[in-house]
Amino acid sequence: MTSETKAFRSDLLRLLDERGYIHQVTDAGALDALAAEQIVPGYIGFDATAPSLHVGSLVQIMMLRRLQQAGHKPIVVMGGGTTKVGDPSGKDESRRMLDDKAIADNIASIRTVFERLLDFGDGPTGAVMVDNDEWLSTLGYIELLRDVGPHFTINRMLTFDSVRLRLDREQPLTFLEFNYMILQAYDFVELARRYGCRLQMGGSDQWGNIVNGLELGRRLEGRELFGLTTPLLTTADGAKMGKTAGGAVWLNDDQLPAYDFWQYWRNCDDRDVGRFLRLFTDLPLDEIARLEALEGAAINDAKIVLANEVTRLVRGEDAARAAESTARETFAGSGAGEDLPTLAVGEEGMRIGAVLTELGFTASNGEAKRKLAEGAVRIEGEPVDDPSFVLAPGDGATLRLSLGKKKHALITR
């Protein structure tokens, strides 16, 4: 079903609805009744293809946080097993295969963000993190075909977007990837057996996979399971969350400086402020209503609140405070700010266009040349328009580079 404005009995669905997380629910009435009567363990799966998740995954992590805030049990499923297969959803090509050590290292790195946002423990609502490699790698191929295979028809599998869109674009879809939806469905059944899990949540692109899982649970064991998806999350201008011209907006500290993370939220579109405050912060709804009603230059105050709150949740109090301080110093022109991104160019230096692209301030050297020609680039406050200009700080010296009013970096030897 599609989410409708209604009075939910349970704190869980009321909270998710008020904050804007609900797009589809398989049986909202039954899930609402269950959540009003007992603790509901619910899960979301995350594949471990990199050392960090990016901002596009933050809405899913926040859903698990809301689940716990409403008195239920979040289960974080790391896809140590499914990462070896690859989710074809939204992909034009097969993903790079990772070995066991790389996957394990990625999971250990990703866990650090979850530990900030969820309370892990042995209690009834304590969060748990599990790796689906525990059960997927022990499955016998014949056993899987015999016990699970009969519940999936090729006809139906070909109708799912993750498969159909790849075939429509005449892009290869390997038999390995074709099996991803079967393994994800099996995850739901295994989690129901091990943890009493009743709910799977995810983005709207996962609806088909989620429905597969709850149907498999019903057919194999007569279990009543539920699915819930969030709306497709894009910015007001239609861009996908978590991507910028400079690359992915990573959640982990060692993948993206706190200042850049803070700036991503500070620079959001005015139209996104209220929605992002509801989804990505714990601020009360009446305070969010006040902030999103600000107009003109005052909306920038709301953006600073947004940047501070999200950075505090994901990176910690110290990181949020340092990032805001750096921004204030930079925009006031009173100093460089210690938290700015830094690039070492070596003794020989580096051409200004290459520096801009290396920092992620421009997507290409061609874009860098255009920005230089527009007079948007400054070194220590002085405009630079020559693409052949070489940045070569002296030994121990630091130069401040700016692109427009919002992008700043320190250049060292």
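1. Let's start with the inside. The largest nonpolar core has 73 residues, and Leu 58, Phe 114, Leu 228, Trp 265 and Phe 280 have the most contacts within it. (A nonpolar core here is a set of buried Ala, Val, Leu, Ile, Met, Phe, Trp, Tyr and Cys residues joined through side-chain atoms within 4.5 Å; buried means under 20% relative accessible area, exposed means over 50%, and partly exposed is in between, with a 1.4 Å probe and protein chains only.) Helix H15 (residues 299-315) gives the largest share of this core, eight residues. There is also a second, separate core of 31 residues, with Ile 182, Leu 183, Ala 185 and Leu 214 among them.

2. A quick word on what you're looking at. This is a predicted model, in which local features need pLDDT of at least 70 and side-chain atom pairs count only at pLDDT 80 or more, while totals for chains, interfaces and linings use all residues. Residues are numbered from 1 along each chain as its sequence is written, and side-chain values use heavy atoms, with hydrogens and water left out.

3. Next, the sheet. Six strands make up an open sheet with mixed pairing, in the order S1-S6-S5-S2-S3-S4. (Helices, H or I with at least four residues, and strands, E with at least two, are DSSP runs numbered from the N terminus; two strands pair if DSSP finds at least two bridges between them.) At the edges stand strand S1 (24-25) and strand S4 (128-131), each with a single partner strand, so one side of each has no neighbour in the sheet.

4. Have a look at one pair of strands in that sheet. Strand S5 (residues 199-203) and strand S6 (residues 226-230) run parallel and are joined by five bridges. Within this pairing, Gln 200 has Gly 227 in S6 as its bridge partner.

5. Helix H3 (residues 58-69) packs on it, touching strand S2 (41-46), strand S3 (73-78), S5 and S6, and its direction makes about 165° with that of S2. Helix H11 (residues 207-221) also packs on the sheet, touching S1, S5 and S6; the direction of H11 makes about 170° with that of S6. (Contact means heavy atoms within 4.5 Å; axes are lines fitted to C-alpha atoms, for helices over the stretch in contact, and angles run from 0 to 180 degrees between N-to-C directions.)

6. How many salt bridges does the structure hold? There are 24, a salt bridge being a side-chain nitrogen of Lys or Arg within 4 Å of a carboxyl oxygen of Asp or Glu. One of them links the side chains of Glu 134 and Arg 194 (3.2 Å, N to O). Glu 134 sits in helix H5 (residues 133-136) and Arg 194 in helix H10 (residues 180-195), so the pair ties together parts that are 60 residues apart in sequence. Glu 134 is partly exposed at 42%, and Arg 194 is partly exposed at 39%.

7. Two other salt bridges deserve a glance. Asp 269 and Arg 271 meet through their side chains at 2.8 Å, N to O; Asp 269 is partly exposed at 25%, whereas Arg 271 is exposed at 58%. Glu 374 pairs with Lys 371, with the closest N and O atoms 4.0 Å apart. Here Glu 374 is exposed at 55% and Lys 371 partly exposed at 26%. Elsewhere, salt bridges that share partners join Glu 134, Glu 190, Arg 193, Arg 194, Glu 221 and Arg 223 into one network.

8. Last, a loop residue. Glu 347 lies between strand S9 (342-344) and strand S10 (350-351), in the loop, and counts as exposed at 63% relative accessibility. Glu 347 and Leu 391 are 44 residues apart in sequence, and their C-alpha atoms are 9.9 Å apart in space.
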